[in-house]
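Hi,

Here is the structure I promised to pass on. Have a look at it first, and then read on for what turned up in it.

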Amino acid sequence: MSQTTVPSPAVTNRAQLLAELVSLEAVDLVVIGGGASGLGVALDARLRGLSVLLLESHDFAGGTSSRATKLVHGGVRYLAQGNIGLVREALHERRALLNNAPHLAQPLAFIMPAYRPWEVPFYGIGLKMYDALAGAASLGKTRWLGKSSTLAQLPGVNAQHLYGGVKYWDGQFDDARLALTLARTAAAQGALLVNYCPAVDILHEDGRICGVRWKDGLAASDQPLEGQVRARCVINATGVWVDALRQLDDAARGQRVRPMVAPSQGVHLVVDRSFLPSDHALLVPHTRDGRVLFAVPWLGHVILGTTDTPRDHVEREPHALAEEAAFILRESAHVLARAPQAADVRSVWVGLRPLVRPDADAGSTKSISREHTVRVSPSGLVTVTGGKWTTYRAMAEDVLQHCVQAGLLNPLPKCQTARFALLGAPDRQQPWPSLGASPGLQCYGTEAAAVQALPGADIELGLGLTEAMVRYAARYEYAQTVADVLARRHRMLFLDATLAAQVAPRVSAILQQEIRSDGNLDAFLALAAQYKRVPT
Ligand SMILES: Cc1cc2nc3c(=O)[nH]c(=O)nc-3n(C[C@H](O)[C@H](O)[C@H](O)COP(=O)(O)OP(=O)(O)OC[C@H]3O[C@@H](n4cnc5c(N)ncnc54)[C@H](O)[C@@H]3O)c2cc1C
C-alpha cells in the first residue's frame, strides 16, 4: 500500500537558532525589525543571493504589522486626496500579494451604502477611476447598486433612508500570518531570522556602520547571552521605533537626530458576524466628522474601525481612548441595522502607524505622508518607515536600490519577489476557503497536512485552534509565548479575548511540553484583559 508522505517543514528550535547566531561572524545584510518592512527586505535580499540576518526584539509582527485593518488595498481615500501614484502602485502590489499567497490574501468585495441620492454617482465615478488605475490588476468591476440589491448583498446594513450603494473590489489578508510566512520563506531560502533578539547597539568603524550588537531577549538574567555580527549594510526597519536606532547611530557622531516618525493610533473593535452576515465588507467613505469607517468580515467575525489619533509616545501595547471606541460604535450604529454596544465587543486592539513627518511639524497626522521613506545616514544606516502592508514588497525593492545607490552593496541581480510564491501557497487556480470564514486549517495552505500529522489534530481548543496547531507553532513557527500562539499564529486574541484567556492555560501546558516554558501565561492573561476592555 502506498503511503502519503507529509513534507517536513524546517524546525525553529530556539537553541539551534541562537547557536547559529553565536557562530555567525559576518553577513552582507542585517535587518533590524521583523514587521512587514523588515521581512520584505530580508526575503528580497536573500533571493538576490545576499547573506541575511534579521533580528526582531519581540515576535515577528509583534508591533504594528499584526494590527492592520487587514485590507490589501490601493487606498480609496488616497485617491480622494489625489495621490494617484501611491494608489496605482498599491493596486499593482495588491495583485502581486494576492497571487503570491492566495491562502493568506484574497479579493474582497466592498459596498459603500448611499444614504443621499448624489452619493451613488459621486462615489461610483471615483471608484470607476480606482478600477481604471488598476488596469490589468483589477479584481472586478465597480457596480452601482439599487436599494434592494444593496440590502440583498449586504444583510445587516441599515435600510432606513438607504438609496442604494456602490460595489467595488479590494483585498483582505491575515497580517500576522503573512509576516510569519515571509519569515519562514526567507529562512527556507537560507536567511537567519531570530525573534526575541533585539539589536542593542550599532557598531561603527572609521565613522561607518560595520555591524550590530544583539542580545537574547529571553535569556535568564543570571545567564545573559549577547554577541555581535559584522555587516556590509544595516537596515533599520523598526516601525514606530526607528528613531531610537537612528539616535544610537547619530550618538556615535556626537549628534542628536530629529525624529522622523509621528505615530498615529488606530483602534479596531471586533464583534460577532451576526452584525454583518455578509461576504462583503462595508465602507463609510465620509463619517459625520469626515473620516472613513470599515466593517470587514474576517475569520468569522466583523472588524469595525479605525481611528487616526496622533500619539506622542510609543507603547508596545497601546490603549484605546474612550472617544475612539465611542466614535466607532456611534458611526457603526448609523450604518448597521443592529447597533453594536460596548458589551457586544469581543476584542479591542490598537496599532500605531509609523507616519513620516514632513520636515516642518504638521500637527494633525491626517496630512502626514502615507508613503514610505528611505533615508541613508552619513554613517550608512538605512532607515525605512511609513508606507503600508500592501506595498511591503515594493518598499523592500526600493530599500535595496537605495543600498546599492549609496555604495553599501554592489549592484544586485534582478528582484525576484513580484512572482515568488510564499511558503504554503496553493495553486492559484485552486479555489480556497475565504478569509471571511471561521479560522481553521486553510491558513496553512499546502502545509495543512504537516499540521494534521501532529498529535492533537482532533482536539479543538476553540475557534478552529487545535492542539496540533499549538505544537506546530512551537516546532516550526518560532512561537515562544502564549501570546505568539493566541495573538499571531492563530488570531484568537484579536477575535475573542475572553475565549483566548480561557484556552491560554492549555496552550501554556502544551508549550511547556514542547519548549519547556510556560510561555509567559500571566502576561498573556493581563493582555487578554486589556483586549477585552472597551474604554468608557
Ligand atoms: C490601525 C492601522 C491599520 C492599518 N491598516 C492597514 C491595512 O488595512 N492595509 C495596509 O496595507 N496597511 C495597513 N496599515 C499599515 C501597516 O500595518 C504598517 O505600515 C506596517 O505594518 C508597518 O510595518 P513595519 O515593519 O514598518 O513596522 P512594525 O510592524 O512595527 O515592525 C517593526 C518591528 O521592529 C521591532 N523592533 C523595534 N526595535 C527593535 C530593535 N532594537 N531590535 C530588533 N527589533 C526591533 C518591533 O518589535 C517590530 O516588530 C495599518 C496600520 C495601522 C496602525
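I235 stands opposite V382 in β18, at a spot where β10 and β18 pair in the parallel sense over three bridges. This is a predicted model, in which local features need pLDDT of at least 70 and side-chain atom pairs count only at pLDDT 80 or more, while totals for chains, interfaces and linings use all residues. Residues are numbered from 1 along each chain as its sequence is written, and side-chain values use heavy atoms, with hydrogens and water left out.

A word on terms before going further. Strands pair if DSSP finds at least two bridges between them. Helices (H or I, at least four residues) and strands (E, at least two) are DSSP runs, numbered from the N terminus.

Strand β9 (residues 208–215) runs antiparallel to β10, and five bridges join the two. In that pairing W214 stands opposite G227. As for side chains, they alternate between the two faces of the sheet in a regular strand.

What does V382 in β18 have opposite it besides I235? That would be V376. Strands β17 (residues 372–376) and β18 (residues 381–386) pair in the antiparallel sense over five bridges. Their hairpin has four residues between the strands, and G380 takes a positive phi near 105° in it.

Now the ligand. How many residues surround it? There are 36, and the closest are S37, E56, S65, L71 and T390. By class, this shell has eleven nonpolar, 19 polar and six charged residues. Here Ala, Val, Leu, Ile, Met, Phe, Trp, Tyr, Cys and Pro count as nonpolar, Asp, Glu, Lys and Arg as charged, and the others, Gly among them, as polar. A residue belongs near a molecule if one of its heavy atoms lies within 4 Å of it.

- S65: an N or O atom of its side chain is 2.5 Å from an oxygen atom of the ligand.
- S37: a polar side-chain atom lies 2.7 Å from a ligand oxygen.
- R316: the distance from a side-chain N or O atom to an oxygen atom of the ligand is 3.0 Å.

The protein buries 95% of the 1,000 Å² that the ligand exposes when taken alone. Those areas come from the Shrake-Rupley method with a 1.4 Å probe; for residues, only the protein chains shown count as cover. Which elements give two or more residues to the shell? They are α2 (36–47), β11 (261–272) and β16 (347–356). β16 gives the most, with three residues.

Zooming out, the chain has 16 helices and 20 strands. Its radius of gyration is 23 Å, close to the 24 Å that the globule rule gives for 536 residues, so the chain is as compact as a globular protein of that length. The radius is taken over C-alpha atoms, and the rule is 2.2 Å times the number of residues to the power 0.38. Along its principal axes the C-alpha trace spans about 70 × 60 × 50 Å. Of the 536 residues, 58% are buried (buried means under 20% relative accessible area, exposed over 50%, partly exposed in between, with a 1.4 Å probe and protein chains only).

Last, some spots in the loops. Most residues other than glycine have a negative phi, and most peptide bonds are trans.

- H161, in the loop between α6 (147–153) and β6 (164–173), has a positive phi near 65°. H161 is exposed, with a relative accessible area of 63%.
- D206, between β8 (199–205) and β9, has a positive phi of about 50°. At 77% relative accessibility, D206 counts as exposed.
- T306 lies in the loop between β14 (301–305) and β15 (309–310). A cis peptide bond with omega of about 10° joins G305 and T306.
- H490 sits between α13 (482–489) and α14 (492–495). H490 counts as buried, at 8% relative accessibility, and its side chain reaches the backbone nitrogen of M492 at 3.0 Å.

Cheers

Conventions:
Polar contact = N/O pair within 3.5 Å; in protein donor to acceptor, adjacent residues only side chain to side chain.
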